[in-house]
Amino acid sequence: MMTKVGYLPEETSSFVGRRAELARLGTALATRRMTTLIGPGGVGKTRLAVRAARAAADRYADGAWWADLSPLSDDGLLLPTVCDAVGLADHALRMPVEALCEWLGDKHLLLVLDSAEHLRGSCSHLLAEILTTSTGLTVLVTSRQPLGTRGEYVVEVPPLPVDGAPDALQLFTDRLRAADPGAGLDAPGDEAAATEICRRLEGIPLAIELAAAGIGRHSVAQLATRIGTRFDARSAGFGVPGRSGGLALAPHAGAPGIEAPGIGAPGGDGAPGSGETPGPDGFDAFDGIEGPDGDPGTARLDLLADATVWPRRHRTLRTAIGWSHELCTPLERLLWARLTPLRTDFDAAVAREVCAGGPLTPDEVDRALQGLVAQSVVQRDGDRYRMLDTLREYGRMWLTELGEARAAADRHARSFLGLARRAHDGWTGPDQVSWYHKVSDTHLDLCAALEHLLAHDVADAQEMAGRVGFFWACCGHLSAARSYARRALDAGPVDGPHRTRLQWVLGVSALLQGDFATAEKYGALCTTRALYDRDDEGMLGAAYLSGLTQLMTGEPAAALEAAGRVLRMTESVPADSAHRMRCHLITVFALTALGRLTESEAAATALRRACERGGEHWTRAYADYQLALIALLQGRPAASAAHARSMLAGKHRLRDSFGIALGLDILAAAIAAQGAGAQAARVYGTGHAYWRMVGHPQRGTPELGPVRERCELQAREAVGDEAYRRAFERGQSDNAEVGLAAALRTELQL
């Protein structure tokens with residue numbers, strides 16, 4: 001959800017209580033540079049952070065920004081995730097932490113890092129860097145433990161009070177009614193039973209929400225009895241290691257406990273366990289664990305827990321989750337476990353791809369997914385689903401215990417390799433924008449899949465890195481594109497189109513980072529390899545890379561000649577091929593740079609029409625950009641502004657900050673040429689903000705520089721230096737979306 005400036009997650013359910021905590025946190029945010037909310041999983045740290053950040057957001061000129069760290073599997077993705085969170089899509093060659101420090105240096109903003117406990121050391125180091133260099137920065141962290149950063153102020157988040165305050169009972173009632181608006185605590189004894197449930201669950205919000213979700217299968221009184229029995233049994237000795245200090249595991253097919261789906265099931269993906277007794281329908285029931293007194297009545301994962309993840313003080317939540325797990329059907333439990341490799345929000349189609357197998361057919365995945373939503377294990381927002389990290393941890397332990405961790409990672413990697421293939425094939429066509437967003441939004445899952453494939457299936461990793469590389473370069477993940485392409489090339493031998501594609505990704509990434517020597521090197525390598533393989537797509541891609549490098553280094557004639565030669569050599573390639581369109585774009589750029597404006601305009605117009613017919617937005621936006629530049633050079637500033645706005649609309653759809661920066665520059669020049677000096681200055685200012693966002697000073701082909709300078713001088717002369725400065729600073733300080741919206745307005749302000 002957009003705040004006045006920035007982004008905070010949407011609150012999709014009621015917020016209960018926490019007045020004292022919010023007051024304390026409000027004071028902390030006003031007086032401290034760094035505050036960490038600590039507490040066990042499920043205690044409500046994230047909800048409290050969202051509410052506090054929203055209340056404080058207006059105090060920060062540059063807003064409140066949110067980074068969810070729970071999906072990150074290692075610290076290598078921490079810095080890119082924080083950069084994404086604050087809107088930095090750095091294209092520079094410098095160290096990313098330097099770019100982030102510079103980006104935040106003059107900003108007054110609130111940064112929230114949610115779920116940092118598994119990255120404590122890396123988070124502490126990063127925050128020490130950015131808090132030192134960014135004096136206007138305030139940081140709020142949620143974690144199960146303090147980070148240990150110098151100057152850290154720790155606020156412990158307690159459970160909701162259960163004695164003398166209505167908060168826990170109110171939460172139970174709210175969640176009950178959210179699932180069923182007609183539900184309530186109307187029957188005699190219901191309120192007392194609900195109060196007892198909240199007391200047994202010690203006021204832990206997640207435990208209470210899971211209990212409320214169980215009302216669909218039990219009355220409130222029945223639920224209170226079951227929870228009471230469960231917790232009394234636990235306090236009698238469950239969750240305690242066996243006499244020898246280890247875990248005494250024993251099959252107990254007759255006990256009314258938990259069934260472990262998937263182990264030994266016919267057609268299942270898991271390996272058979274040792275000594276489990278097969279249950280009905282092909283499932284294995286191994287629901288008992290012998291405690292110190294041989295009592296088998298608790299679920300296995302109440303004990304199968306790492307003490308660093310589930311400390312003794314967290315046992316109430318652990319037991320509540322285990323009890324919720326028991327309420328699920330066997331297939332729901334299996335789905336719970338198999339969903340855990342997913343790092344980002346997902347839809348039902350992805351759930352089917354990643355989780356189906358053995359007894360869990362695609363149709364059963366759909367049914368089980370709805371069951372998990374009803375149990376509050378999975379949260380639903382429209383057609384998207386997500387699982388809280390605390391519940392994901394529990395499912396991940398089950399996945400390991402079932403012996404399915406590798407199989408699940410294989411399915412996850414196959415699914416996202418499939419997405420990369422489909423996105424690559426769908427780049428030119430009416431779904432281009434949709435694919436672009438899917439690749440951007442699933443970045444963490446794609447990274448996880450690539451890591452798995454690099455370790456277990458190098459050939460697929462090489463294919464995948466090549467297919468997503470151009471998307472990542474356009475989405476602002478240049479460092480990731482370059483790193484994975486390099487690692488994939490180094491991982492083992494690769495020939496044919498996959499090798500050319502990886503070299504091409506390396507070259508394009510280097511080019512966008514301003515590393516022209518490396519771009520030139522890989523352009524030549526791509527050309528040689530594609531000619532050897534007789535790979536038409538590779539030759540067109542190489543011509544685009546080499547041609548753009550030549551354009552950026554002031555050699556338009558060489559770019560024009562090479563692009564024309566390759567286009568003639570590959571006439572059999574369909575006209576709507578992505579690489580063919582990009583090669584035509586080099587021709588347009590080169591003709592403009594050479595001053596052959598009539599030819600360039602005709603070529604750009606034809607290219608734009610071809611893009612329009614096929615639903616291609618990326619190349620079309622650059623055709624519009626060239627038409628805007630041509631019109632400006634021909635003395636038609638109104639037409640130039642219209643083309644520039646069309647270009648900006650296309651780049652905004654694609655979230656292409658680099659393209660938006662270029663478009664704002666040409667639009668500002670066109671507005672200045674029409675005499676609206678202050679308006680032009682504001683657009684120039686917004687453009688400068690976007691250039692900072694991508695970590696570059698103004699960029700573009702060499703012929704653009706004199707146009708910028710001439711039009712900026714016109715704008716200054718029209719309104720005077722002081723008015724120009726004020727308007728420029730306004731555009732520079734505007735929220736990026738606000739500034740872009742103002743630039744897209746068509747009326748002149750003379």
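User: Which residues does leucine 339 touch, not counting residues up to four places away in sequence?
Analyst: Leucine 339 touches Phe346, Ala351, Cys355, Leu369, Leu372, Val378 and Met387, where contact means heavy atoms within 4.5 Å. This is a predicted model, in which local features need pLDDT of at least 70, side-chain atom pairs count only at pLDDT 80 or more, and totals for chains, interfaces and linings use all residues. Residues are numbered from 1 along each chain as its sequence is written, and side-chain values use heavy atoms, with hydrogens and water left out.

User: What makes a set of residues a nonpolar core?
Analyst: The members are buried Ala, Val, Leu, Ile, Met, Phe, Trp, Tyr and Cys residues joined through side-chain atoms within 4.5 Å; buried means under 20% relative accessible area, exposed over 50% and partly exposed in between (1.4 Å probe, protein chains only). The largest such core has 210 residues, of which Leu100, Phe172, Leu339 and Trp472 touch the most other members. Helix 28 (residues 657-673) gives the most to this core, with 12 residues. Another core, of 21 residues, lies apart from it and includes Ala49 and Leu140.

User: Why is helix 3 called oblique to helix 5?
Analyst: The axes, lines fitted to C-alpha atoms over the stretch in contact, with angles from 0 to 180 degrees between N-to-C directions, cross at roughly 50°. Under 35 degrees counts as roughly parallel, over 145 as roughly antiparallel, 65 to 115 as roughly perpendicular and the rest as oblique; therefore helix 3 is oblique to helix 5.

User: Which residues make the contact of helix 3 with helix 5?
Analyst: Leu78, Leu79 and Val82 of helix 3 meet Ser122, Cys123 and Leu126 of helix 5.

Technical notes: Helices (H or I, at least four residues) and strands (E, at least two) are DSSP runs, numbered from the N terminus.
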